[in-house]
Amino acid sequence: MKIAAIENPRSRQEELGQFLTATPVADFMASMFGPLPKTVRLLDAGAGAGSLTAAFVSRCCEKLDGVRAIEATLYELDGEILDALSETMRECEHRCADAGIRFTFTIHSADFIQEMSARLAGDLFGTHPPAFDAAIANPPYRKISTDSAERRALRYVGVETSNLYTGFIALIQRLLVPGGQLVGITPRSFCNGPYFRPFREDFLSQLELRRLHVFESRQAAFRDDSVLQENIIFHAVKGRNQPDELIISSSSGEHGDEITETIFPFAEIVHPHDAEKFIHIPSTASHATAKETMDGLSSSLATLGVTVSTGRVVDFRLKDALRKDPERGTVPLLYPCHFNGGTVHWPKLDARKPNAILDNDETRPWLVPSGVYLLTKRFTSKEERRRLVACLFDPEQVKAKWIGFENHLNYFHARGHGLERTLAVGLYAFLNSTVVDQYFRRFSGHTQVNATDLRTLNYPDRDTLQAMGREMKTLDLSQDEIDQLVAKHLHARR
Ligand SMILES: C[S@@+](CC[C@H](N)C(=O)[O-])C[C@H]1O[C@@H](n2cnc3c(N)ncnc32)[C@H](O)[C@@H]1O
């Protein structure tokens, strides 16, 4: 849909926080909405020339997913832009008429903050605050000082915030019906700015975050390329139960560019016990690079002659054979608690888990012969830095003929026996690298690492892994050192 051009002097634009959304970005925002009711009461606060409502209308007309009527309410303070806005709304009417959707609109040439704060506070006698099923917003942004009229109005409805944009979002949130959806593009500053803490609390207690989108280029989102703001688009739903997972996506913001998507556990984005309620947005650009690197690898575990299995000792089934401490007739039993940096610390006499298992006819089928094995944890806590945590079982350190690997571990082996050492050490470096971890997070939103997941990964070829293994003189390397070593060898193979 064509959006009329407007020319406001720069100073006036800044005063109004007037930066208009480019059509591709507006369309992308509109595409983020989930299923909508038959009749959508839509709010566009700070509507400018109406590009967001136009994009929303296009979405409904193109998708034809059951929306029969759109009732748009638009707020715009700038008198200079109202003609352009009305023109866009008339275009929306035509577009909807062609698609068989009823479209009505009301333009309020008023201050959204003042009017809505008063209506929410019940000051405007006889006027209930309106209710909306959907809101699409690119609110104005400008600092508002403590004694400004906006600040006072917002405080009146319990919103304490220092920027116009967070004031807009806080009010919009209050006007949504339960299940109502908001797609907004705003600066990223609210995600971690210390002054935005009350806003974050308000936002996260009333809105469920479903998706966040970031732009790699700071200029991309707006028609006016002199705006240097780091922007974020979010899709949120009015409700009090944050999802287990959410989508984080990114793009350069150029027309038609590729969008990278990754699913993250919500607890990684907002840490459960963080009093500041910071919204951590991982860099999806490096996740995309990780995918490229992994896609370029040609070997599989099968071609390496390596198998990964889940630890065979299911402790509650072999309860009678478990021993807290090693004793005559027992062999080592390893749990994730025995992971100690890159190697195994065994026995761990203060651990709550048993350290040993009887070696007898009943238990032998669940044991493996001693050798070099690579172990990974099946479950990592949400706070753990990496999802994949690998450690090396070295028979030189834990001397025994047989070993039990408990079911919370995965172990890499060669047909039931230990691995060749340099290969095992190379795998250790590879699996503990950031590249693999980031790749892994792309397809696995949860914190569990199953043997099947490890089986489906691409691996470097044997020579490369062994070269990595030979270069690792110690397992005690920092994350940076591991990453550098892995990158060097993966690069060398190209
Ligand atoms: C960032 S622009 C976005 C415009 C449009 N939604 C878009 O995406 O292209 C914000 C708009 O809000 C308007 N605005 C600023 N303060 C306002 C207020 N208190 N009430 C209503 N509109 C306001 C500005 O004039 C401007 O047009």
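Helices here are DSSP runs of H or I with at least four residues, strands are runs of E with at least two, and both are numbered from the N terminus. E115 counts as partly exposed because it has 17 C-beta neighbours inside 10 Å. The scale is this: a residue is buried if 20 or more other C-beta atoms lie within 10 Å of its own, exposed if 12 or fewer, and partly exposed in between, with C-beta atoms placed from the backbone. From E115 to F412 the separation is 297 residues in sequence and 65 Å in space, C-alpha to C-alpha.

Before going on, two notes on what we are looking at. This is a predicted model, in which local features need pLDDT of at least 70 and side-chain atom pairs count only at pLDDT 80 or more, while totals for chains, interfaces and linings use all residues. Residues are numbered from 1 along each chain as its sequence is written.

Now the overall picture. The protein chain has 16 helices and 20 strands. Its C-alpha atoms fill a box of roughly 85 × 50 × 45 Å, taken along the principal axes. Of the 494 residues in the chain, 42% are buried. The domain assignment, which is automatic or from a database, gives domain 1 (10-282) and domain 2 (292-492). How far apart are the C-alpha centres of domain 1 and domain 2? They lie 47 Å apart.

On contacts: two residues are in contact if their C-beta atoms, placed from the backbone, lie within 7 Å. Among contacts between residues at least 6 apart in sequence, 79% join residues at least 24 apart.

Next, the ligand. It is surrounded by 21 residues, and the closest are L20, T21, G46, G48 and N138. A residue is near a molecule here if its C-beta atom, placed from the backbone, lies within 6 Å of it. The elements giving two or more residues to this shell are α3 (51-63) and α5 (112-121). By class, the shell has eleven nonpolar, seven polar and three charged residues. Nonpolar covers Ala, Val, Leu, Ile, Met, Phe, Trp, Tyr, Cys and Pro; charged covers Asp, Glu, Lys and Arg; the others, Gly among them, are polar.

Moving on to the helices near the end of the chain numbering. Helix α15 (residues 462-471) and helix α16 (residues 479-492) pack at an angle of about 145°, with their axes 10 Å apart. Axes are lines fitted to C-alpha atoms over the stretch in contact, and angles run from 0 to 180 degrees between N-to-C directions. Which residues meet between α15 and α16? From α15 there are T464, A467, M468 and E471, and from α16 there are L485, V486 and H489. That contact has four nonpolar, two polar and one charged residues. An α-helix has 3.6 residues a turn, so residues three or four places apart point the same way.

The buried residues in α15 are T464, L465, Q466, M468 and G469. They pack against α12 (421-431) as well as α16. On the α12 side, take G426, which lies in that helix. Why does G426 count as buried? Because it has 30 C-beta neighbours inside 10 Å. Leaving out residues up to four places away in sequence, G426 touches L465, Q466, M468 and G469.

R415 has a positive phi of about 45° although it is not a glycine. With 7 other C-beta atoms within 10 Å, R415 is exposed. L419 lies in the loop between β20 and α12 too, but is buried, with 25 other C-beta atoms within 10 Å. Beyond four places in sequence, L419 touches V306, V372, Y373, L374, F412, H413, A414 and A424. L419 and T307 are 112 residues apart in sequence, and their C-alpha atoms are 9.9 Å apart in space.

K277, in the loop between α9 (266-269) and α10 (284-295), has a positive phi near 55° and is not a glycine. K277 is partly exposed, with 19 other C-beta atoms within 10 Å. Finally, a cis peptide bond joins W346 and P347, with omega about -5°. P347 lies in the loop between β14 (343-344) and β15 (356-358).
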